[in-house]
Amino acid sequence: MPARAGAPPSRRRFLALSAAGAATGAAALNGCALPVSTGVSGAGETVTVMAKADDLGPDLVKQAERDTGIAIQRVDYDITKLIAMLTSGSPPDLVRGVGAVDAAFYAARDVMQELDSYFAASSVLRPDDLDPVNDLWRYDGRVQGKGPRYGMAKDFSQDSMFWFNTAAFDRQGVAYPSETEPVTFDAWLDNARHLARRSHGQTTVFGGSYNGLVKLTLMATMTASAGGSLFADDFSKVDFTTPEARKALTWYLDYCRLKVGPSPVLPDPNGWDGPTYQAGRLAMSNNGYWMGGMIGTDRKLAEASRLAPAPVFAGGPRISACQGGTGMWMPRKSRNKDAAWRVFEWFFGEAPARARAASGWGIPSLKSLRPLMPHQEEFQRRTLSAQRNELKHFSVVAVSPYISGDAFESLFNQTATPAMKGEMSVDRLAGRLNSVINEQIARGKEQVG
């Protein structure tokens with residue numbers, strides 16, 4: 001049974017999470033005017049926010065204090081420190097999180113505050129204005145995407161969409177993908193093979209990158225695109241041997257073995273797609289709309305770049321999920337809930353939200369802010385058109401609450417590396433993944449109760 005409301009969670013409940021942090025070395029939690037709140041205030045109080053500097057820098061802290069009258073104490077996001085604060089009963093008042101992988105995980109451990117009553121009373125964050133991506137932050141005790149709201153995305157992308165550089169396609173004589181109709185995964189990989197360039201045994205231009213944000217959401221989303229589910233109905237197990245999961249796993253292994261793009265066995269020296277794409281050394285990048293904020297800073301690159309729909313498996317459904325949905329949540333044991341909610345409203349619905357929407361670094365998670373998305377230039381209008389078309393195909397792909405994104409990432413990469421190099425068969429890998437990941441899930445399920 002879940003811990004009773006109001007009681008700090010035992011350290012045992014977070015054993016799997018801390019183990020994952022140690023295993024990976026760092027947390028992987030690696031976008032119109034609105035009325036000002038007329039609800040709860042909390043002015044004169046202090047709210048502690050655990051976030052990264054990119055989420056809430058010094059200037060934004062000062063602006064928050066001016067706009068809300070609430071003092072903000074920001075502490076750097078640190079998973080070990082968060083666990084210690086949660087288990088001691090003195091958590092931050094707001095915590096950074098990634099909805100796709102964190103919401104169900106923390107909600108199942110009964111450390112999140114349900115926020116439905118706050119949303120219902122808010123004049124800033126109205127339930128009917130919330131983009132469906134915010135359903136990533138819902139959990140009904142069994143399935144992600146339903147039930148109470150525990151947080152909200154600050155902005156988002158449909159992360160299986162991909163950018164492509166028309167100059168790279170022109171140079172290799174490859175036809176452009178459609179900006180409205182999805183290519184198949186096989187066609188994407190074939191394009192990547194033709195676009196990759198090598199010299200003296202070294203890759204000088206990657207044909208494409210397709211690694212998702214974390215392997216948990218990548219594998220779950222690709223399996224859904226093949227028409228199945230990576231998890232059992234009760235989320236107590238993964239099964240990579242089903243035809244759909246095996247299809248997703250086989251495709252990703254082929255991608256790694258062909259060395260057409262960065263992977264755990266062929267790391268990008270820049271660490272992520274952005275600088276490589278900017279330098280013309282990456283023809284396709286499966287980062288969704290948000291990367292347009294970076295692309296737009298280089299006019300020549302922006303004019304050559306296009307945003308294309310998420311690929312599909314032949315005969316499978318059209319799935320275009322959000323693999324992130326970064327935002328914030330409120331711990332159940334927060335001592336300043338009303339003041340924290342006022343900061344929450346401000347961050348997600350007022351000045352910072354409007355600035356994010358206009359920046360192009362993500363789709364706003366309030367539907368009323370969409371008119372602020374950049375559309376002044378032709379390349380911005382083209383991108384926006386492709387993105388609007390893709391929104392019709394959004395869906396929440398639920399993941400298991402019994403394993404963290406970090407733990408899944410670590411176990412997947414460690415186990416799959418020989419197969420990525422062509423030293424292990426798909427079937428043998430599928431069995432091994434089932435064994436090691438389900439062992440971790442079983443521990444997590446036992447801890448949740």
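This report describes the overall dimensions and selected local features of a predicted protein model.

## Basis of the description

Residues are numbered from 1 along each chain as its sequence is written, and side-chain values use heavy atoms, with hydrogens and water left out. Because the model is predicted, local features need pLDDT of at least 70 and side-chain atom pairs count only at pLDDT 80 or more, while totals for chains, interfaces and linings use all residues.

## Overall architecture

The protein contains 17 helices and 14 strands (DSSP runs numbered from the N terminus: helices are H or I of at least four residues, strands E of at least two). The C-alpha trace spans about 65 × 50 × 35 Å along its principal axes. The radius of gyration is 22 Å, which agrees with the value near 22 Å for a compact globule of 449 residues (taken over C-alpha atoms; the rule is 2.2 Å times the number of residues to the power 0.38).

Of the 449 residues, 59% are buried (under 20% relative accessible area, with exposed over 50% and partly exposed in between; 1.4 Å probe, protein chains only). The accessible surface comes to about 17,300 Å², and 49% of it belongs to carbon and sulfur atoms (Shrake-Rupley method, 1.4 Å probe).

## Helix H3 and its ends

Helix H3 covers residues 79-88, and its buried residues are Ile79, Leu82, Ile83, Met85, Leu86 and Thr87. At the start of H3, a side-chain oxygen of Asp78 comes within 3.2 Å of the backbone nitrogen of Thr80. Just after H3, Gly89 adopts a positive phi of about 85 degrees.

Strands S4 (residues 138-139) and S5 (residues 144-149) run antiparallel and are joined by 2 bridges (pairing requires at least two DSSP bridges). Tyr139 stands opposite Gln144 in S5. The two strands form a hairpin with 4 residues between them, and Gly141 in the turn has a positive phi of about 95 degrees.

## An aromatic pair between helices

The whole structure holds 29 aromatic pairs (rings of Phe, Tyr and Trp, the last by its six-membered ring, with centres within 6.5 Å; planes under 30 degrees apart are stacked, over 60 edge-to-face and the rest tilted). Among them, Phe185 and Trp251 are edge-to-face, at 5.1 Å centre to centre and 65 degrees between the planes. Phe185 lies in helix H7 (residues 185-195) and Trp251 in helix H9 (residues 243-258), so the pair ties together parts 66 residues apart in sequence. Both Phe185 and Trp251 are buried.

## Glu390 in helix H15

Glu390 belongs to helix H15 (residues 378-391). Glu390 counts as buried because its relative accessibility is 1%. Leaving aside neighbours within four places in sequence, Glu390 is in contact with Gln158, Met161, Pro309, Ala310, Arg318 and Ser320 (heavy atoms within 4.5 Å).

Key
Polar contact = N/O pair within 3.5 Å; in protein donor to acceptor, adjacent residues only side chain to side chain.
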